[in-house]
Amino acid sequence: METQKSELLAAVPLPSSLHDVLQYLQDHPYSHVPNPPSCKKRASVALVLRVRPTYYHWPDLQHSSLPPRGNSNASVKQRLNTFFSQDWVQNGDPEALFIKRASRVGDRWTGHVALPGGKRDPEDADDKAAAIREASEEVGLDLTTDECIYVGNLPERVVSTGWTSVPLMVLCPYVFLLTCSSSPTLRLQPTEVASAHWVPLRALLSPSQRTVEYVDISQRYAKASGFMTRLISRSMLGFMEFSAVRLRPTESLQCNQSLGATAEDSRGSSTLTQCFRTWFLGSKANPEDQTRPLLLWGLTLGILADFLDMLPPHTAVQLWQYPTFTSPDLRLITSIVTYSLRKRNKLQAKSGAQPSNTGVDSRSFAVTTTCDNDATDMSYLHNEVGIEGLGVGKHYAPPKTRDLERGSDVVGIMLKGYYAKLSFAIKLFLAWRATIGSLAAIYAWKLFQRRK
């Protein structure tokens with residue numbers, strides 16, 4: 001079955017499908033999401049796309065880019081049509097730009113794979129301007145040139161801290177397309193970016209690249225409860241397991257200042273010490289280790305899931321798995337506790353599906369009205385995105401227009417209520433472990449008394 005899917009995937013004209021999706025995003029912008037009353041932060045990221053020429057369809061360098069915008073009145077639709085009509089583009093390989101964040105103390109996203117972006121500053125005219133500025137600062141890309149087309153936006157999200165409903169920020173993703181056939185020169189900011197990677201969309205869509213990321217959730221207790229609480233939590237709960245995509249870049253650029261750091265740091269450490277650091281710190285043991293696989297997960301995977309599910313074979317969401325735990329008994333309890341909810345949510349997600357030529361089903365339809373009229377009604381925050389989860393949340397339309405048919409995504413529906421059940425599963429697991437421990441202690445005491 002997987003071989004057949006791979007063969008089908010290879011036969012799909014991806015550039016043509018990408019053209020349809022980009023045209024749809026341009027024609028149907030997603031609505032603006034206002035900040036919750038207790039949250040003032042906004043952040044923006046840039047999904048930068050390009051088409052890499054193949055060996056047998058190399059472009060004519062004299063005619064491989066679009067005419068300057070200043071010399072014509074071409075609309076975005078016309079520029080997209082002109083770009084995708086070229087032979088080298090039709091036979092090329094679309095790619096997306098990712099960065100690996102530099103290691104920084106206190107940064108919850110240190111060492112993560114992400115899209116270029118960051119917090120909106122007061123001097124930014126709007127959220128899109130923040131994405132453009134951050135891309136220029138972090139990787140040296142000017143997204144305002146004639147060789148770049150601003151396509152549109154993806155659903156904005158209210159991001160919350162951990163499993164709580166405390167809003168952290170509103171995240172706004174924007175899509176840009178580079179029209180040049182040559183690789184742009186990147187300039188990586190050492191304090192923000194450890195490396196940059198161009199990854200084919202075909203690889204992101206491939207089932208063979210799906211994997212999991214193991215996250216130490218005991219890190220949330222580090223400051224509040226100290227070392228021992230974190231150690232006990234790790235011993236009992238193990239790691240949390242999240243759906244992830246293994247990245248296979250065609251082109252990578254390492255930041256000069258990050259080169260050699262791993263070798264120097266590990267030179268004086270013993271093998272035992274390194275093993276303990278890996279067990280205790282998990283994925284954060286050495287975020288700058290260039291030998292670690294590049295994994296796309298969490299918030300960034302959520303953003304990409306909205307986009308990738310529009311492309312054939314339209315299985316990006318189907319390949320996603322619910323978060324769980326590595327501890328066998330906790331894994332079993334989680335499966336039992338969440339079974340009915342997972343079944344109900346999957347049926348609910350399927351019931352809203354509508355076939356579409358471009359893979360943009362009825363759940364992805366943009367809501368043209370904004371939330372301004374309902375800014376004071378924050379009841380739509382029940383589907384907020386946790387930074388420790390997949391990162392996919394419902395498109396936040398105002399309550400009057402929010403339903404399965406408009407302004408929502410599949411995984412957001414599937415995750416509805418899941419983390420509340422997960423918290424209950426952990427409490428049930430702790431009670432189970434306490435009971436088993438107590439029974440074992442009583443049995444050991446009776447056995448000791450009998451022998452005595």
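## R342 and its surroundings

Leaving aside neighbours within four places in sequence, R342 is in contact (heavy atoms within 4.5 Å) with Y322, S335 and Y418. This arginine sits in helix α11, residues 328–351; helices here are DSSP runs of H or I with at least four residues, strands are runs of E with at least two, and both are numbered from the N terminus. R342 is buried yet has no salt bridge, and E241, the nearest side chain of opposite charge, is 12 Å away. Buried means under 20% relative accessible area, exposed means over 50%, and partly exposed is in between, with a 1.4 Å probe and protein chains only. A salt bridge is a side-chain nitrogen of Lys or Arg within 4 Å of a carboxyl oxygen of Asp or Glu. For charge, Lys and Arg count as positive and Asp and Glu as negative, while His and the chain ends are not counted.

A word on the model: it is predicted, so local features need pLDDT of at least 70 and side-chain atom pairs count only at pLDDT 80 or more, whereas totals for chains, interfaces and linings use all residues. Residues are numbered from 1 along each chain as its sequence is written, and side-chain values use heavy atoms, with hydrogens and water left out.

## Helix α13

Y418, one of the contacts of R342, opens helix α13, which runs over residues 418–451. The helix has 34 residues and reaches 49 Å from its first C-alpha to its last, close to the expected 50 Å (1.5 Å times one less than the number of residues). Its buried residues include Y418, Y419, L422, A425, I426 and F429.

An unreviewed UniProt entry annotates residues 424–445 as "transmembrane region"; such positions are given in the numbering used here, feature names are shortened, and annotations may be inferred rather than shown by experiment. In the model that span is 100% helix and 0% strand, with its end C-alpha atoms 32 Å apart.

## Salt bridges

There are 16 salt bridges in the structure. R433 pairs with D329, with the closest N and O atoms 2.8 Å apart. R433 lies in α13 and D329 in α11, so this pair ties together parts that are 104 residues apart in sequence. R433 counts as partly exposed, at 28% relative accessibility.

Another pair is R52 and E251, at 2.9 Å from N to O. R52 belongs to strand β1 (residues 42–52) and E251 to strand β11 (residues 251–254), so the bridge ties together parts 199 residues apart in sequence. Both ends are partly exposed: R52 has 23% relative accessibility and E251 has 28%. R133 is buried at 15%, while E137 is partly exposed at 37%.

## Two nonpolar cores

A nonpolar core is a set of buried Ala, Val, Leu, Ile, Met, Phe, Trp, Tyr and Cys residues joined through side-chain atoms within 4.5 Å. The largest one has 47 residues, and those touching the most other members are L22, L25, L49, F98, L201, L204 and F307. Beyond its neighbours within four places in sequence, F307 is in contact with L18, V21, L22, L25, L47, L49, L154 and L201. Apart from this core lies another, of 26 residues, among them F325, M414, A425 and I426.

## Loops worth a look

The loop between α10 (298–308) and β13 (324–325) holds P313, and the peptide bond from P312 to P313 is cis, with omega near 10 degrees. H314 is in that loop between α10 and β13 as well; it has a positive phi of about 60 degrees although it is not a glycine. Most residues other than glycine have a negative phi, and most peptide bonds are trans. H314 is partly exposed, with 29% relative accessible area.

G92 sits in the loop between α4 (87–90) and β2 (93–101) and is buried at 7% relative accessibility. V51 is 41 residues away in sequence, but its C-alpha is 5.8 Å from that of G92. Leaving aside neighbours within four places in sequence, G92 is in contact with P15, V51, R52 and T54.

## The whole chain

The chain has 13 helices and 14 strands. Of its 452 residues, 51% are buried.
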